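Hi there,

Here is the structure I promised to pass on. Please have a look at it first, and then read my notes below.

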Amino acid sequence: MAAPAPPALPDLTRVTRVDEVGVTERAARFQARSVKKASKVAALRTVLSMIDLTTLEGQDTPGKVRQLCRKALHLHDALPGLPHVAAVCVYPTMVAVARRALAGTDVKVASVATAFPAGMSPLEVKLADTRRAVEAGADEVDMVISRGEFLRGEYGYVFDEIAAVKEVCGAAHLKVILETGELGSLDRVRQASVLAMHAGADFIKTSTGKIQPAATMPVVLVMLQAILDHYRETGRRVGMKPAGGISNAKLAIHYLVMLHETLGPPWMTPGLFRFGASSLANDVLMQLQKEATGRYQSPDYFSRD
Amino acid sequence: MARSDTRTRSDTPTRRAPANPLAFQEGWSYAPAPESTDHVAVRERYGLFIGGDFTDPAQGGAFQTLNPATGRPLATVAEASEEDVARAVAAARKAFKGPWGRMKPRERAKYVYRIGRMLQERAREFAVLESLDGGKPIRESRDVDVPLAAAHFFYYAGWADKLEYAFPGRTPRPLGVAAQVIPWNFPLLMAAWKLAPALACGNTVVLKPAETTPLTALRLAELIRDADLPPGVVNVLPGAGATGAALVRHPGVDKVAFTGSTAVGRGIMKALAGTPKRYTLELGGKAANVVFEDAALDQAVEGIVNGIFFNQGHVCCAGSRLLVQEGVADEVVEKLKRRMDTLIVGDPLDKNTDIGAINSAAQLETIERYLRIGREEGAEVYQSGQPLPGEGYWCRPTLFSGVSQSDRVVQEEIFGPVLAIQTFRTPDEALEKANNTPYGLSGGVWTDKGAKVFRMTRGIRAGVVWANTFNKFDPTAPFGGYKESGMGREGGLHGLAPYLTLEG
């Protein structure tokens, strides 16, 4: 097999334009889909398996992270046969704790890195941050791009930064956070998506969760369409991770409908789609319990970790 | 009307969707989500609505209206004869000379407003009935047809007592009795388009709905009776072409408003020549949807889909010709095919259905005839691969590519979910092709460049031209055609004039 060509900065002026009105209309159509009965249960279970259970706070402690890992493996044992979540997402200092707690399981350890969330540190600091996370056992790295450099047109800087982080990641999967709430337009979202994918992103991700607006359906649709075009051009399937603001099951199902009708079944797997969320899981569990028993239970029946 | 119960389907052999690498038909799918029909009672028989009440036809004629999604009858509907037309026109005249003509405009406005309000209150019932009788997906009847119909009544209610301001320095007066003949593609919405301005301007009306879709117009007649409009202000006469012909020819009619095919429109013009009757005609179309290489392509694809597959393509202003710039043609067509594969064709009452049933066996035959013509002309055919229901009238979304300006599928209106795709190199070539048609109802332009939008929208000779969108309707916007797409405008301030005399 020939060695893969080194990544090259694409010409962002040639990236397909985006019409915000059209995108918003299309996104609303997904929300008009009615998902009931068996298709709803299948969707809810799929959503659970795609969650990156996340804690990214200054007050995080090993105890808190261990609780979260426990939840990742035992979502709601009163309902037998549930999938576990895809990953637990923590700060680099908590990776080792999570790694130990999840040892011997399929749940991945994801770590934010590169001076999350602002990314306002020198490249060598970001690379060191990434290296530490990977060495501590992170399977996946969620990096942030330098939005300031991107907005002032230093695309080469952002491209090289992603490529350098990707190299440090080695076998770890790289998710590139565009922080779409700071990019200002859907054209910019599309350009940043193209840039990140060409630089080697395994996933593109909307947000840190620290900036509003975070994930919205129009933004995610634009990113999914960029992923599809990248697949058509290169044959490589890049994953998608909306994060921030997806806190209830109904909205998560709308995202799944959008994924289904935009990228189709090959992407409907935790390997290529994730929800970055902290409170989504319990609402999904409540809905699943309701589908099983016909009644809603008090939120107190579901563990808050 | 053709009432064949042969279960015809358009799946003659074609180059069907090849092994789709994304296999939308596999894996997760949506469970059926049918809208309930419990709250919609369809009566076994419907009479004629004349002089404020339902009556039997003079000659006892009747026809069946079918559910096109099953091919089975929904109801038996009285068919109006010449004698019934005379009765209805007399009732309308009486109301015009009587209570309606004497009513203060401000009072008239309240009635028109009330119709819109009641339509909103009973929106679900009307949406379900529209989908049952016409085959259109409930998502469209619920989100487009019924709300827009109500919006037309609200909008024109506002004009009723302000007509002098619409035509400053003139003295607007109603014409008298309006004969209105409407098509089967938007039965309720077309009734609203016609009734709202006519009533707001102080006219009385005899309305003839299409023979395949009379039920919502008859339900609207019930609503109008419930709204306490004086008897005879609105009369509804179901029937086929003969009823319509008798109505427009009746000497007691002052004004004719027709929406339908160009052939019938031509006949009406002949029949009305030399009479003092005023008329407006809204006829066929073969609109070009022009996509430039600098357009937002993913959204343009949505617009193309909305332009041709909305309401199964039974839309006079459908974007039935796609003109795409050569540099992006392959990409656009590939995206389009992919998008077509995600369209859900089936039960019109299912909330997830994107494309419903073809309105009638006769229309399905017409569409299939054009599918044959396209193949004979050497077009490359693509049809998405959805499974179709076993009974009823259905047609898969279809593309014709590799077609020429001289092909019949490029020149003639098909009125189905069939898109003809051509390419162009320069804006001038796009304009020439877009305008090279006897029709001129609508058009679309897709580009990121403002200057190009203005150049193209000025150049396309059509009544409505959309930029970076398609099939957007609003009661405040005039609608109508150039050339053989008709004459006169409906909607907006322009839509008042055809129902008024402005002299003296």
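This is a predicted model: local features need pLDDT of at least 70, side-chain atom pairs count only at pLDDT 80 or more; totals for chains, interfaces and linings use all residues.

Let me start with a proline: A:P213 sits in the loop between β6 (203-205) and α9 (217-234) of chain A. Helices here are DSSP runs of H or I with at least four residues, strands are runs of E with at least two, and both are numbered from the N terminus.

Residues are numbered from 1 along each chain as its sequence is written, and chains are lettered from A and ligands numbered from 1 in the order in which they are written.

The loop between β3 (108-112) and α5 (123-135) of chain A holds A:P117, and the peptide bond from A:F116 to A:P117 is cis, with omega near 0 degrees. A:A115 is found in the loop between β3 and α5 of chain A too. Although not a glycine, A:A115 has a positive phi of about 55 degrees.

In chain B, B:D228 lies in the loop between α8 (215-226) and β9 (234-236). This non-glycine residue has a positive phi of about 65 degrees.

Finally, the two chains meet: 24 residues of chain A are in contact (C-beta atoms, placed from the backbone, within 7 Å) with 25 residues of chain B. On the chain A side, α1 (20-31), α2 (37-49) and α10 (249-262) are the elements that give two or more residues.

Best wishes
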